[in-house]
Amino acid sequence: MSAALVTGATTPIGRALIAELLGSGACDRVLAVGLEKQASDLADDHRVEYLSADLTRHRSVRRLLFGPARELGVQT
């Protein structure tokens, strides 16, 4: 199972990238990250896990990389 991390997931480019990754079969799971507390439009697909995080903060990045990203086996 392959997984990818997409930052800026709630932007138009982020949404398009997630759709392309999942549609092409390039990965099985996507860890989507954005500043918004909820991304209801991304939650429709069970292959997408959304996480709200401020990537300008060291603690948030560390929590992301050593938590959900590690659990999903994100390599990209």
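Which residues does Thr10 touch, not counting residues up to four places away in sequence? They are Arg15, Glu36, Ala39, Leu42 and Tyr50. The model is predicted. The protein chain has 3 helices and 3 strands, in the order β-α-β-β-α-α along the sequence. Its radius of gyration is 11 Å, close to the 11 Å that the globule rule gives for 76 residues, so the chain is as compact as a globular protein of that length.

**Thr10**
- Thr10 sits in the loop between S1 and H1.
- Thr10 is buried, because its relative accessible area is 15%, under the 20% cut-off.
- Its side chain makes a polar contact with the side chain of Glu36, at 2.7 Å.

**Nonpolar cores**
- The largest nonpolar core has 13 residues; Ile18, Val30, Ala32, Leu42 and Val48 touch the most other members.
- Strand S1 (3–7), helix H1 (12–24), strand S2 (29–34) and strand S3 (48–52) each supply at least two residues of this core.
- H1 gives the largest share, 3 residues.
- Another core, of 7 residues, lies apart from it and includes Ala3, Val33, Ala69 and Leu72.
- Leaving aside neighbours within four places in sequence, Val48 is in contact with Ile18, Leu22, Val30, Ala32 and Leu42.
- In soluble globular proteins, nonpolar side chains tend to be buried together.

**Whole chain**
- The C-alpha atoms fill a box of roughly 35 × 25 × 20 Å along the principal axes.
- Of the 76 residues, 34% count as buried.
- The chain exposes about 5100 Å², and carbon and sulfur atoms supply 52% of that area.
- Among contacts between residues at least 6 apart in sequence, 46% join residues at least 24 apart.

Definitions and conventions:
Residues numbered from 1 in each chain as written. Predicted model: local features only at pLDDT ≥ 70, side-chain atom pairs only at ≥ 80, totals over all residues. Heavy atoms only, no water. Core = buried A, V, L, I, M, F, W, Y, C linked by side-chain atoms within 4.5 Å. Buried < 20%, exposed > 50% of the residue type's maximum accessible area, 1.4 Å probe, protein only. Helix = DSSP H or I, 4+ residues; strand = E, 2+ residues; numbered from the N terminus. Contact = heavy atoms within 4.5 Å. Polar contact = N/O pair within 3.5 Å; in protein donor to acceptor, adjacent residues only side chain to side chain. Rg over C-alpha atoms; globule rule 2.2 N^0.38 Å. Areas by Shrake-Rupley, 256 points an atom, 1.4 Å probe, with all protein chains shown as cover.
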